[in-house]
Amino acid sequence: MAMVLRRLAGASGSPSAAALLLRPALTRPISTGFREERDTFGPIRVPNDKLWGAQTQRSLQNFDIGGERERMPVPIIRAFGVLKKCAAKVNMEYGLDPTIGKAIMQAAEEVAEGKLDDHFPLVIWQTGSGTQSNMNANEVIANRAAEILGHKRGDKFVHPNDHVNRSQSSNDTFPTVMHIAAAVEINSRFIPSLEQLHKSLHSKSDEFKDIIKIGRTHTQDATPLTLGQEFSGYATQVGILPTYIIALLITMHFTLLVSLIDCIALSLQVKYGIDRIACTLPRMYQLAQGGTAVGTGLNTKKGYLMSKLQLLWLRKQNYLS
């Protein structure tokens, strides 16, 4: 390869136009590790070791921006696993082949457990309804379910649209997984963190009960109080929970959220803040699933997913007995 490039460079040693054109082809590693996947645009090559399909691969090529830092948040991906498992269970009640349905449920559970995170490469930059991430989930689950049933990736024995995405649309799945992800993060991480913060501030109010200081109002010394009394106020009475914390939760930028909490901890209304967060959960548990493309429920049975899937998910998360 090096000899070919040197000869193309000529006597001057500077690369010729032919050398510049051939260099990428000569230096690119030759890989046979691809399979052909197809969609309505035709065939496309997908790495053999990945479970995604044609539409995910096209999104990787069309939105080649953002990088690792801007990949779709993991809680959203795991929520897709929860959703697709519940949808397959309900779909089997309405005619989906149980053999395929159970394989979909098994594959979706692997997504929900984080076993297939490496097969979700897409960044947040995509069409507004989250279509590419929905299809990423459909393709991964379809190919994994096909493997479970002894078939090859890409042969569409389990179809990403006809089976995994049955009676669904990006316009209801993505809002649903946003709610699922936010509710899971609130219950499993955010509220426990706030409860620990409240406990710490409350313990400081007792620890500092004998330290006397001067209170200040209007930037001037006022009347005495104990540092413990001040911390008691921090724990139960100060301020309101800023609405942008909820926005950060919904977008799943949890690291930024934790940093924000660190910065405003002493001005956060912890006790009442927990109550206010808890009050949002009943509405967070309301899922858009079943509305399909425009909210009318086209291509679903009446009451299909709106109630049944919601109940399945709430029970899975132990939010209902």
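Tutor: Accessible areas here come from the Shrake-Rupley method with a 1.4 Å probe, and for residues only the protein chains shown count as cover. This is a predicted model, where local features need pLDDT of at least 70, side-chain atom pairs count only at pLDDT 80 or more, and totals for chains, interfaces and linings use all residues. Residues are numbered from 1 along each chain as its sequence is written, and side-chain values use heavy atoms, with hydrogens and water left out.

Student: What percentage of the chain's accessible surface belongs to carbon and sulfur atoms?
Tutor: Take the total first: the chain exposes about 17,500 Å² of accessible surface. The share of that belonging to carbon and sulfur atoms is 56%.

Student: How many helices and strands does the chain have?
Tutor: Helices (H or I, at least four residues) and strands (E, at least two) are DSSP runs, numbered from the N terminus. On that count, the chain has 13 helices and 4 strands.

Student: Which element gives the largest share of the lining of the second largest pocket?
Tutor: On a 1 Å grid over the protein atoms alone, a pocket is an open set with protein on both sides within 12 Å along at least five of seven lines, a cavity is a set of points where a 1.4 Å probe fits but cannot get out, and lining residues have an atom within 4 Å of a point. The second largest pocket is lined by 21 residues, with Arg-38, Glu-139, Lys-156, His-159 and Pro-160 nearest its centre. Two or more lining residues come from each of β1 (34-39), α3 (54-62), α6 (131-148) and α7 (160-164). The largest share, 5 residues, is from α6.

Student: What is the volume of the largest cavity?
Tutor: Grid points are joined across faces, edges and corners, and a volume is the space filled by probe spheres set on the points. Searching the whole structure gives 1 cavity of 30 Å³ or more. Its lining is made of Met-72, Ile-76, Ile-77, Phe-80, Phe-120, Leu-122, Ser-133 and Asn-136. The volume of the largest cavity is about 40 Å³.

Student: Which elements do the buried residues of α3 pack against?
Tutor: Start with the residues: Ala-54, Thr-56, Gln-57, Arg-58 and Ser-59 are buried in α3. Their packing partners are β1, β2 (42-47) and α6.

Student: Which residue's backbone oxygen does the side chain of Thr-292 reach?
Tutor: Thr-292 sits in the loop between α12 (270-284) and α13 (308-316), and it counts as buried because its relative accessibility is 6%. A polar contact is a pair of N or O atoms within 3.5 Å; within protein, one must be able to donate a hydrogen and the other to accept it, and residues adjacent in sequence count only if both atoms are side-chain atoms. At 3.1 Å, the side chain of Thr-292 reaches the backbone oxygen of Leu-298.

Student: Which side chain joins that of Ser-170 in a polar contact of 3.4 Å?
Tutor: Ser-170 belongs to helix α8 (residues 170-207). Its relative accessible area is 9%, so Ser-170 is buried. The 3.4 Å polar contact links the side chain of Ser-170 to that of Thr-131.

Definitions and conventions: Buried < 20%, exposed > 50% of the residue type's maximum accessible area, 1.4 Å probe, protein only. Contact = heavy atoms within 4.5 Å.
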